[in-house]
Amino acid sequence: MPSTVRTLELPSGEAVPVLGQGTWKMGEDRRRRTDEVAALKLGLDLGIMLIDTAEMYASGGAEEVVAEAIAGRRDETFLVSKVLPTNASRAGVKRACENSLKRLSTDRIDLYLLHWPGSVPLSETVEAFETLKREGKIRHWGVSNFDTDEMEELVGLPSGSNVQTNQILYNLSRRGPEFDLAPWSLKRGIPLMAYSPVEQGALARNARLAAVAARHNATAAQIALAWAMAQPGVIAIPKAGRQEHVRQNAAALDIKLTPEDLAELDRAFPPPTRKRGLEMI
């Protein structure tokens, strides 16, 4: 068990863990459901109280897995879900949120995100989020896969400054956001939520990471995760469908990367020197 689960503050002032539990691809195979539920429950036991899901994941199946995992523990869980851009109209957001609430077996979502920018005017989606807040169906809202120019547009809208996070693809092999989006977000106190912090397992097999890992009696995946959590204003949400994987993720909280480690990682995975378009998977 980690010595402590570090937290950072949302713009609202609420503290959330820098390590969460992702659920992308959960709920797709009922044969894995028992293991997936057990993994999420263990994460809660280890203090990893933030769980991220979405209506898109397994067409709602992941939300049902989450509901089973948090049964009887809803009040200790910080629950994140997402609405598809095709459902981002006033009526669509309301309907999608109510459907997610039913699948999650709860009366509120702690943080509700627009999954990526779409064709519905952003102002309309923000108005719908604010209505859900007033109704108590969500506590906070944010976005996902927004680049710097899209964030600028968002915060310029009425109530747009109420955005609490931007969930993006960010890891050692995808450092593009560091050029402008990460500094922009940090300056405004808007945390970045890093999905695929181990690049869907690819970084777990990286020899350059293995060399750093050997000095910490850790795995390459743990080093990749520790690096992500060491970045200012970043929350990492790796997916773990097995209990052993959850324990390894939690143990990464105790890894303290040295300046020498960080310099070696910069040489292996150079930070960006120019603007790159925000990547998605």
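1. Which residues line the largest cavity? The lining consists of D147, L169, R174, G176, P177, D180, K275, R276, G277, L278 and E279. On a 1 Å grid over the protein atoms alone, a cavity is a set of points where a 1.4 Å probe fits but cannot get out, and lining residues have an atom within 4 Å of a point. The space in the largest cavity is about 80 Å³, where a volume is the space filled by probe spheres set on the grid points, joined across faces, edges and corners. Searching the whole structure gives two cavities of 30 Å³ or more.

2. A word on the source. The model is predicted: local features need pLDDT of at least 70, side-chain atom pairs count only at pLDDT 80 or more, and totals for chains, interfaces and linings use all residues. Residues are numbered from 1 along each chain as its sequence is written, and side-chain values use heavy atoms, with hydrogens and water left out.

3. The largest pocket holds about 620 Å³ of space. A pocket is an open set of grid points with protein on both sides within 12 Å along at least five of seven lines. Its lining has 34 residues, and W24, S196, Q200, P238 and K239 lie nearest the centre. Helix α9 gives the most to this lining, with four residues; α8 and α9 each supply at least two. Helices (H or I, at least four residues) and strands (E, at least two) are DSSP runs, numbered from the N terminus.

4. The largest nonpolar core has 92 residues, and Y112, M151, L154 and L209 have the most contacts inside it. Helix α8 (residues 220–230) supplies the largest share of this core, eight residues. Such a core is a set of buried Ala, Val, Leu, Ile, Met, Phe, Trp, Tyr and Cys residues joined through side-chain atoms within 4.5 Å. In soluble globular proteins, nonpolar side chains tend to be buried together. Leaving out residues up to four places away in sequence, M151 touches V143, F146, V163, N166, L181, W184 and I190.

5. How many of the 11 residues of α8 are buried? Nine are, so α8 is largely enclosed by the rest of the structure. Buried means under 20% relative accessible area, exposed over 50%, and partly exposed in between (1.4 Å probe, protein chains only). The buried residues of α8 are A220, Q222, I223, A224, L225, A226, W227, A228 and M229. They pack against α7 (207–215), β10 (234–236), α9 (243–251) and α10 (259–268), a contact being heavy atoms within 4.5 Å.

6. There are three aromatic pairs in the structure. Y112 and F129 form an edge-to-face pair, 5.7 Å centre to centre with 65 degrees between the planes. Y112 lies in strand β6 (residues 109–114) and F129 in helix α4 (residues 122–135), so the pair ties together parts 17 residues apart in sequence. Rings of Phe, Tyr and Trp (its six-membered ring) pair if their centres lie within 6.5 Å; planes under 30 degrees apart count as stacked, over 60 as edge-to-face and the rest as tilted. Y112 is buried at 0% relative accessible area, and F129 is buried at 1%. Y112, F129 and W141 form one aromatic cluster.

7. Two charges sit over rings. K25 lies over the face of W24, 4.9 Å from the ring centre, and R208 lies over the face of F269, at 4.8 Å. The criterion is NZ of Lys or CZ of Arg within 6 Å of the ring centre and within 35 degrees of the ring normal.
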